[in-house]
Amino acid sequence: MYLNSHSYYSLRYGTYSINNLIKEAVSRGVKAMALTDINNSTGMIDFVSACKENNIKPIGGMEFRDGNELLFTGIAQNNKGFRELNEYMSSINLKENKHSPTAPNFNNVYVIYPFSKNHDRKLKNNEFIGVKPTQVHKLISLNSNVITKMVVRQPVTFSNNKTWYLHKNLRAIDHNILLSHLKPHMHAPADEIFISEDNIINAFEHYPVIINNTRKIMDDCSIDFEYGSPKNKKTFTGSLSDDKVLLEKLTYDGMKYRYQKNNKKAKQRIISELEIIHKLGFSSYFLITWDIIRYSLSRGYYHVGRGSGANSVVAYCLKITDVDPIELNLYFERFINPKRTSPPDFDIDYSWKDREEVQDYIFKRYGRQHTAFLGTTVTFKGKSIYRELGKVHGLPKSEIDALTKNPALETGKNQITRHIHKIATMMVDFPNQRSIHAGGILISEEPITCYTALDLPPKGFPTTQWDMYVAEEIGFEKLDILSQRGIGHIKDAAELVLQNQGINIDVHQVEKFKNDKKVKKQLRNAETNGCFYIESPATRSLLKKLRCDNYLTLVAASSIIRPGVAKSGMMREYIHRFHNPNKFEYIHPVMKEQLEETYGVMVYQEDVLKVCHHFAGLDLGDADVLRRAMSGKHRGKQEFQRIVNKFFSNCKERGYPDEITKEVWRQIESFAGYSFSKAHSASYAVESFQSLYLKAYYPLEFQVAVINNFGGFYHSWVYFNEAKRQGGNLHLPCVNNSDINTNIVGKDIYIGFTHIAKLESKLNKTIVSERNENGKFTSLENFIHRIDPGIEQLLILVKINAFRFTGKLKSQLLWESHLLQKNNKQLPKVNKLFESKSKQYKLPQLIYNQLEDAYDEIELLGFPVTTNNFNMLSTNFRGEIKASEMDDMVGKKVRMIGLLVTLKYVKTVKREMMHFGTFLDVAGEFFDTTHFPDSLNSYPFRGHGIYLILGKVVSEFGYASIEVEKLAKLPLQSDPREE
C-alpha cells in the first residue's frame, strides 16, 4: 500500500535514510513498497539492494514537483519504466523540457495524480488519482466511474512528531525563511507516516475497488539491477574479439617504443596482464582510455597518467602513463587482480586550460546518452548545520557566528541553542545538495538513464544523481579526467622557451632529465621553488635530509611526505634508517623480505598489500579491499571488519606476538588512508623532474609559466621574487609592454595586468587588443582617446606607473589624468593621420619620493617591485647571518632578519599550538623556523611582514633551521604622503 515513500534524498524534505526506511518497513511487516523521491532517483540503487536483502519487493518511482506543488507521481512497472521516469526528469534538468501538471505519454509507468485538484481529470489507462486515508470522506459525492480510477496514496516522509518537526526545519532551510514563517503548503502534513495496512484497508472499506487498484499496481510493478556486473561500454570496436586483437596490437607496438622489440621481461609481463584484462572484460576500458590519450596528444595537450593505472605495463605501452612499472617493480595486482570485484579507474591529469576540451571530446565521441559526469552528494556536516538552523530559528548574526565557531561551547548556553543542538544531531550526514565529482566520467553500454536521472551542473555536462560508491556497487568503472596547474606550467614554460629563445624542448625526455647532472644538483640542493609537488617547506626539508638527487629516492619522498606516514612516526624512522642502514632491526623477517627497498617502512599503498598478504596471510583480493576501505573508497563496513578480524586471527595462528601484530597494524592503520600508491608517487616524480629540468636550464621562462598558471604552494609574489633571484629584470605593468598575463622578452619580465588589484578584466583585454591592432600608445592623452577608461581605472594605471614611457612623474600624470579625462569627448575611435594635442598646462615642480612608489606597488600588486621589502625597513640591520651561512652556525644562537612567506599551524600532543615558519632573507633565500608553544605565546606573529628572529641554529639529518626564542615584527618607514 506504500506507493509514495520518501528518503532523505528528497533533499531538505525526507527524513529517512534508505537503511532506516527499510528497517521500519521490515518492523511493520511490509512486503512491497515504492521509493518515490522528489525529482530524483539518487537512492534507487541502494533501495533495491536493501529491499532484496530484507525480502521486500522493491518498486521504482519518482515524485514530480514544481517547487512546493505536487504534480504527479510516476510508478515504474519495470526497469523500462524507471528509465522513462529518469529520461523525463533529465529532460527537465537539462533544460529540454519544463515541469507540467500533466504527465507525458509513458509506456511502462503508472501515473498517480494527487486527489485535491484532479478528481475530475480525464485519465488515460495508466493514470490514476491517489487518495489519502484522511481524504476518504471526500469521496461520498463522487461518481462511481471516477472512484474506479483511484488508488491509495499514503505518503511516507517521517516516522513521528519528532521527525515531522525535523522535516519542517529542513523545509525552512530550503526556503531560507524563519521556521515561524513556514506555511502549510510548504511542508508535508503530519499524516505522512507509516500506517498499518489493516488501518488503510479499514479506511477504504466502502471502496474496495481502490484497494484492488492499488494491489494490482503493486503486483504489476517490480525493479531490479544486476549488481557488480560490468556496466561500462562493452566494446570499443563493436566486437569483443576485435577489441582483444586491437589491444594486443597496440600494446606490442607500444612495447617496441618503450622497451624495444626483444625485451623478454616486458613481453612476459604484457602476456600476463593482457590475459587478466581480457578475462575481466576490461579491454574496451583500456582502449577507450587509449583513444582519449590519442586525441589529446593529437591536440598537443600534455597529460599525466597516474594513480593505480600506472601499475600496468599495458597502460605504459599505450602511453596512458609515463611510469615504467618494471623499473619500479610495481604490483599489477594493485591495479587489477583476479579476485578484485570492484573495477579499477585511471587518473588522467591535464592542464586546467585543456581539460574541458578533452571532456567535450569524450561526450561527443561516446554520445551524451551513454556518457555522464559522476555526481556526488554534499551533506549537512559540522558547523554548517548550526549556521542553517541558527538562521531558521531567528538568531542574530553575532550569535550564529559564535555558535558556528564553537558549537560545543555555545550549545549549552541557553534553551534555544540546546534546542538547535538536538535538531542538529538528527541532521548530521543528511544530503543537502547534489554536486559533481572532481573528474569522474562514466561511459555506459546502456543509456545512463537506465540507472539514474541526470542533473546539469554549471559545467554544462550531464551528471549522475548518485556518487562513486553507488557507481562501483552497480558495476561502473569511472575514468578520472582531472586538472592540475603543474601540467599547465610545464606546457607553458616549453612554449615560452620556444617563443623567447627559439628552442624546441621535448618535455617527455624524462630519462634524460633523470640523469642530468644540473637537474640532480638542483634537486639535492632543494632548489625547487615552483616545481610541481616538491616546493613546500616540508618537502624541501625532506629532500635535503634524504640528500635526494635521483628518481627512486624522489618517488619515495613523494609518498612519505604524506600525512599518514608522518603521523605514524615512520617518516622520521625512514630518514633515520636511510642514514643508518646497518643500525636498525626489522620488526619481523617478512618486513625485510618484502620492504627492504624502503628499510622496512611501509611507504606506499602497495606495501599494505605486501604486508597483509605475506605477513598476515590475506589473499590479494582481501588485502586490496582493506586498503581501499582505509582510503575511504569502500562502503562495506561489515566486509571491512571481517577482513580486519581475519588479519588478527591469521597473525595469531602464525604465532606472532601480540605486540608485533599490534605495531604492524598501527602502521597500516595510521598511514593507509593518506599514502600514495607507488605508481602515483612515480607519476608525480616524473612531473617533478620535468619541472626541475625547465627550472635548471630555463629558469625565467619557467617562473613566468608558474606565475601565469596561478598555482603552486606560495603566493604569486614569492614566484616574482624567485624570477628576480634567477636574474630576471622585473618590470611594473606597462600599457605598451604588458599583456593580460605576465610576459617575458629576453630577460625582461613585464608583470601582467591581471595582477593589478581592482583593475577590471574588460579594460585589460581592451588595452591589449587596441595596442595589437593600432600600435603602441604615444602619450597619456593618446591612451585616453583610444581606450576611454573611467577615471578610477585610469588612476590605478597611473599609480602603478603604467605610463612611465612618457618620462613624466606619476604625480604629474595624476594631474593630467583629471584634466584630460574631463576634456575627453567621446568621439568615434578613429586613427588620425595627424593627432591634435590638447592645451598643455605647466605644473609646478612636484616632490618625488621612491617610497611612495613602493607603497603604491604594495597596495596594487601586493609587493614592491622598484625596491625590495628590506629597503623599506626603518633599520639598516640585515641580520648577523644569511640563510646560506646557517650550516656553519649549528648550535649557535643567531639573529636573523626574514620576510615571512608562510606559516604551518600544528598542535602538540598536549593540544598546544606551535608554528613552523618559512622566511626569505635579504638575498631572497629560504630559511625555516620552529616556534614551540612557550616561545609562540610570548612572541606571536603579527601578520605579514619582516621579522627580527633570535634563536638557535639546529640541524636534523643535515638540514639546518632555527628554533626561535624571540620574535619581533620590524617597523617600515612610513609613507611620505601620510606624514
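A residue counts as buried when its relative accessible area is under 20%. Keep that cut-off in mind on this tour of a predicted model.

**Stop 1: helix α10**

Select residues 264–280. This is α10, a helix of 17 residues. From first C-alpha to last, α10 reaches 25 Å, close to the 24 Å expected at 1.5 Å a residue.

Which residues of α10 are buried? Colour A266, R269, I270, E273, L274, I276, I277 and H278. Now show what they pack against: α9 (240–258), α11 (283–298) and α12 (313–317).

Look at the two ends next. After the helix comes G281, with a positive phi near 80 degrees.

**Stop 2: the open sheet**

Move to the sheet of seven strands. Its order is β1-β2-β3-β4-β5-β6-β7, it is open, and the pairing is mixed. Strands of a sheet pair through backbone hydrogen bonds, either parallel or antiparallel.

Which strands stand at the edges? Select β1 (2–5) and β7 (150–152). Each has a single partner strand, so one side of each has no neighbour in the sheet. Turn the view to follow the twist, which averages 35 degrees from one strand to the next.

Zoom in on β1 and β2 (residues 32–35). They pair in the parallel sense, over two bridges. Pick S5 and then L35, its bridge partner in β2.

**Stop 3: the cysteines**

How many disulfides does the structure hold? The count is zero. Select C221: the nearest cysteine sulfur belongs to C51 and is 14 Å away. A disulfide needs two cysteine sulfur atoms within 2.5 Å. For C450, the nearest cysteine sulfur is that of C221, 17 Å away.

Are these two buried or exposed? C221 is buried because its relative accessibility is 0%. C450, at 17%, also counts as buried.

**Stop 4: helix α32**

Finish at residues 699–708, helix α32. Here 10 of 10 residues are buried, including P699, F702 and N708. Show the elements they pack against: α19 (485–501), α31 (678–697), α33 (716–725), β16 (743–745) and β17 (748–750). Just after α32, click on F710, where phi is positive at about 50 degrees.

Conventions
Residues numbered from 1 in each chain as written. Predicted model: local features only at pLDDT ≥ 70, side-chain atom pairs only at ≥ 80, totals over all residues. Heavy atoms only, no water. Helix = DSSP H or I, 4+ residues; strand = E, 2+ residues; numbered from the N terminus. Expected span 1.5 Å × (residues − 1). Buried < 20%, exposed > 50% of the residue type's maximum accessible area, 1.4 Å probe, protein only. Contact = heavy atoms within 4.5 Å. Pairing = 2+ DSSP bridges. Axes fitted to C-alpha atoms, helices over the stretch in contact; angles between N-to-C directions.
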